[in-house]
Amino acid sequence: DKQMDNMEEEVAHQFFTHMGIPEAVGMYSLRVSVLSTQMDGKSTGDFGIHFETGLSKFVGLHIRNDRFLNNSHSEIMFQFAVIRSKDGMSGFSPLIEFEFPTKKDASRINTLVGFSTALVRPRFSINQVLHYNPREDMLDGSIALVYKVTKGVFFVVEVLGDKMQNEPAIINVLAGIKVKVYKNFILGFGYQHPITN
């Protein structure tokens, strides 16, 4: 499988944006993040978790919550690779996502639909995702560029945002660096800043 051959050379995953196509069967990624947010002069801490793996050649699974202490729901998403490049690394994937309540004050299961794309080359990857929540009439999405600076060092830029009906868009930009410290362990540091009010 060409995708398996390319895994050793793959660039690092981004911080928050979903991968554009599913992982190969037998491959997985676990991203754990520790977050510090400053608002109105006060800092608060949080953590996130994002697990992804390939269930088949065309179906991927994501389980995630980027802000576990603040978010009322956690996500389970299925991603379907309908277009895939010859090397298996780039393509287009429709998706369906279920948000399950993980806090006492949350009750409903939300269903979101969307799509993701990936363009992967030996030195960089661009991944994009767009979700639509029909219950709240809300769009959220992100796009990320990961560039391999040297072997084991990666520069990451992400733009993340959401838009609800009759509300202004919220857009943030993130810049960071990831460093491979062991064969299967990458450590990253990033800074995210709003570019809208």
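Is A24 buried or exposed? With a relative accessibility of 4%, A24 counts as buried (buried means under 20% relative accessible area, exposed over 50%, and partly exposed in between, using a 1.4 Å probe and protein chains only). A24 sits in the loop between α1 (2-6) and β1 (28-39). In sequence A24 is 153 residues away from I177, and in space the two lie 25 Å apart, C-alpha to C-alpha.

A word on the ground rules comes next. This is a predicted model, so local features need pLDDT of at least 70 and side-chain atom pairs count only at pLDDT 80 or more, while totals for chains, interfaces and linings use all residues. Residues are numbered from 1 along each chain as its sequence is written, and side-chain values use heavy atoms, with hydrogens and water left out.

How confident is the predictor? The chain averages a pLDDT of 90, and 95% of the residues score at least 70 (pLDDT is the predictor's confidence in each residue, from 0 to 100). Residues 1-8 are another story: pLDDT stays under 50 there, and the model has 19 contacts for this stretch beyond four places in sequence (a contact means heavy atoms within 4.5 Å). Where pLDDT is low, the predicted coordinates should not be read in detail.

As for the overall build, the chain has 1 helix and 12 strands (helices, H or I with at least four residues, and strands, E with at least two, are DSSP runs numbered from the N terminus). Followed along the sequence, the pattern reads α-β-β-β-β-β-β-β-β-β-β-β-β. The radius of gyration of the chain is 17 Å, close to the 16 Å that the globule rule gives for 197 residues, so the chain is as compact as a globular protein of that length (the radius is taken over C-alpha atoms, and the rule is 2.2 Å times the number of residues to the power 0.38). Taken along the principal axes, the C-alpha atoms fill a box of roughly 45 × 35 × 30 Å.

Of the 197 residues, 37% count as buried. The accessible surface comes to about 11600 Å², and 62% of that belongs to carbon and sulfur atoms (areas come from the Shrake-Rupley method with a 1.4 Å probe; for residues, only the protein chains shown count as cover). Among contacts with a separation of 6 or more, 40% are accounted for by residues 24 or more positions apart.

Strands β1 and β2 run antiparallel and are joined by 12 bridges (two strands pair if DSSP finds at least two bridges between them). Here L30 stands opposite F51 in β2. The hairpin of β1 and β2 has 2 residues between the strands, and in it D40 takes a positive phi near 50°. Next, β2 (residues 42-54) and β3 run antiparallel with 6 bridges, and a hairpin of 4 residues links them. Strand β3 (residues 59-65) is itself mostly covered, with 5 of its 7 residues buried.

Moving to side chains, the count comes to 3 aromatic pairs (rings of Phe, Tyr and Trp, the last by its six-membered ring, pair if their centres lie within 6.5 Å; planes under 30 degrees apart count as stacked, over 60 as edge-to-face and the rest as tilted). One of them is the tilted pair of F92 and F115, at 5.7 Å centre to centre with 35° between the planes. The pair links distant parts of the chain, with F92 in strand β6 (residues 91-101) and F115 in strand β7 (residues 110-120), 23 residues apart. F92 counts as partly exposed at 29% relative accessibility, and F115 is also partly exposed, at 30%.

Most residues other than glycine have a negative phi, and most peptide bonds are trans. D137, although not a glycine, has a positive phi of about 50°. D137 is found in the loop between β8 (124-133) and β9 (138-150) and is partly exposed, with a relative accessible area of 29%. N166 is another residue other than glycine with a positive phi, near 65°. The loop between β10 (153-164) and β11 (170-182) holds N166, which is exposed at a relative accessible area of 73%.
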